[in-house]
Amino acid sequence: MLRYCAIREKPIRVLDLTSLMSDEFETIVPIFERCFQDRMAQWTMTGKPRTARRFSVYTNCPLPTPEDRLLFVLSYLKHAPTQAYHGATFELIQSSVSTWLNILIPVLHTALREMGDAPTRSVVELRQRLGLDQLSGDVASPFFTMAPNDPSHAPKTQVNRRTTIVARKRATLSRTTSS
């Protein structure tokens, strides 16, 4: 079972799993946990509005610490494994992986937005973030598009011609049919 406490002292392992150095990872943890607790104060694990009890971490919780929850979501986003494989890594069944990801991915996005590190979704936002919107218009833009490629000179296969042979001329018998 993968746990952050087992890899904390191995900075290269943390980097390999999350793309973050250990100190960067631990900088995100408090903000991530606060966003997680805010979300769990309003919603249940199944996505329904919380009406009765407060959220609390049970002793048999599969992701008991904030570090484990952050490691879980960052390693999933970096490596894009199947949910079944990710579940095997953290000793969860696939449906639990799906439930946790549905909770933790939006929590991570909220935490990154609060830190000012959320991904930029447009060129205008990126220019503002990089401080390039104040530059004069005659400065070369770091954003460019490539010119379209020339059309291919390879001969095109014309499938509607009688001379095009796509399959065998003789029919092949299927081994699954009984004769």
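Modeller: A salt bridge joins the side chains of Arg 3 and Asp 68, with 3.7 Å from N to O. Arg 3 belongs to the segment before α1 and Asp 68 to helix α4, so this pair ties together parts that are 65 residues apart in sequence. The term salt bridge requires a side-chain nitrogen of Lys or Arg within 4 Å of a carboxyl oxygen of Asp or Glu. Helices are DSSP runs (H or I, at least four residues) numbered from the N terminus.

This is a predicted model, in which local features need pLDDT of at least 70 and side-chain atom pairs count only at pLDDT 80 or more, whereas totals for chains, interfaces and linings use all residues. Residues are numbered from 1 along each chain as its sequence is written, and side-chain values use heavy atoms, with hydrogens and water left out.

Arg 3 and Asp 68 are both buried. Buried means under 20% relative accessible area, exposed means over 50%, and partly exposed lies in between (1.4 Å probe, protein chains only).

The structure holds 3 salt bridges. Another of them links Arg 69 with Glu 33, at 2.9 Å from N to O. Because Arg 69 lies in helix α4 and Glu 33 in helix α3, the pair ties together parts that are 36 residues apart in sequence. Arg 69 has 1% relative accessibility and therefore counts as buried; Glu 33, with a relative accessible area of 15%, is buried as well.

Arg 34 and Glu 114 also meet through their side chains in a salt bridge, at 2.5 Å from N to O. Arg 34 is in helix α3 and Glu 114 in helix α6, so parts that are 80 residues apart in sequence are tied together by this pair. Arg 34 counts as partly exposed because its relative accessibility is 39%, and Glu 114 counts as partly exposed at 45%.

Of its 34 residues, Phe 25, Phe 32, Leu 70, Phe 72 and Leu 104 touch the most other members. The elements giving two or more residues to this core include α3, α4 and α6. Helix α6 gives the most, with 9 residues.

Conventions: Core = buried A, V, L, I, M, F, W, Y, C linked by side-chain atoms within 4.5 Å.
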